[in-house]
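Dear colleague,

Please find below the structure that I am handing over to you. My notes on what was found in it follow directly after.

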Amino acid sequence: MAIPARIVWAISHLGIQPSDRLLEIGCGRGIAMAEITPLLTDGHIIGLDRSDSAVSSADERNRAAISAGKAALAQGALADWSGGGRHFDKIFAINVNLFWLEAARELKLIRSLLAPEGKLYLFFEPPSAGQISAIAHAIEVRLKAGGYVLEKTMYGPAATPPLLGMITRPVA
């Protein structure tokens, strides 16, 4: 199965380290998780999705990594998830519209889930390249309002598919 370009591109910007502790918000069918777990030695990734069927598909795809203790899945909405006292080096989301709509509650929760030097990575594949600047602006406004500083904005290597990525961290 071909990995969607947006997922390959997003993973290339995560700078995965073997001991990273990662949280994927909106993990869907677990495609990114399946690509990341081989890069982890003593690291760990948790995939969170509100869809029961998506989590079931992700479980099937990542069963070996879950059995090996490199991965775990959680079903539910981010706003309702406590994280179980864990802290993450990297929290990322691919095509989760929440971040350019309204995410004040979730951004507050993410702040509590990030390790001291942790970062939030947001990636999007808008329907058209013409929407990238409006989406980037909407996200930046929400991040600033939520107490985050934007470290870097990235754009895909080509116009098709249009890709947008943002790396941010909470203001100290």
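In helix 6, the buried residues are E106, L107, L109, I110 and L113; buried means under 20% relative accessible area, exposed over 50%, and partly exposed in between (1.4 Å probe, protein chains only). Because these residues cover an arc of only 160° around the axis, they lie on the same side of helix 6; the arc is that of the directions from the helix axis to the C-beta atoms. The face turned away from the buried side of helix 6 carries R105 and K108, which are exposed. The cover over the buried residues of helix 6 includes strand 1 (21-25), strand 4 (88-94), helix 5 (98-101), strand 5 (114-124), helix 7 (132-145) and strand 6 (148-155), where contact means heavy atoms within 4.5 Å. Helices (H or I, at least four residues) and strands (E, at least two) are DSSP runs, numbered from the N terminus.

Please note that this is a predicted model, in which local features need pLDDT of at least 70 and side-chain atom pairs count only at pLDDT 80 or more, while totals for chains, interfaces and linings use all residues. Residues are numbered from 1 along each chain as its sequence is written, and side-chain values use heavy atoms, with hydrogens and water left out.

**Aromatic pairs**

A search of the whole structure finds 2 aromatic pairs (rings of Phe, Tyr and Trp, the last by its six-membered ring, with centres within 6.5 Å; planes under 30 degrees apart count as stacked, over 60 as edge-to-face and the rest as tilted). W9 and F123 form an edge-to-face pair, at 5.9 Å centre to centre and 80° between the planes. This pair links distant parts of the chain, with W9 in helix 1 and F123 in strand 5, 114 residues apart. W9 counts as buried at 8% relative accessibility, and F123 counts as buried at 2%. W81 and F88 form a tilted pair, at 6.3 Å centre to centre and 35° between the planes. W81 is buried, with a relative accessible area of 15%, and F88 is buried at 2%.

**The largest pocket**

The lining of the largest pocket comprises 15 residues, of which R50, A77, L78, V96 and L98 lie nearest its centre. Strand 2 (44-49) and helix 6 (104-113) are the elements that give two or more residues to this lining. On a 1 Å grid over the protein atoms alone, a pocket is an open set of points where a 1.4 Å probe fits, with protein on both sides within 12 Å along at least five of seven lines; lining residues have an atom within 4 Å of a point.

Yours sincerely
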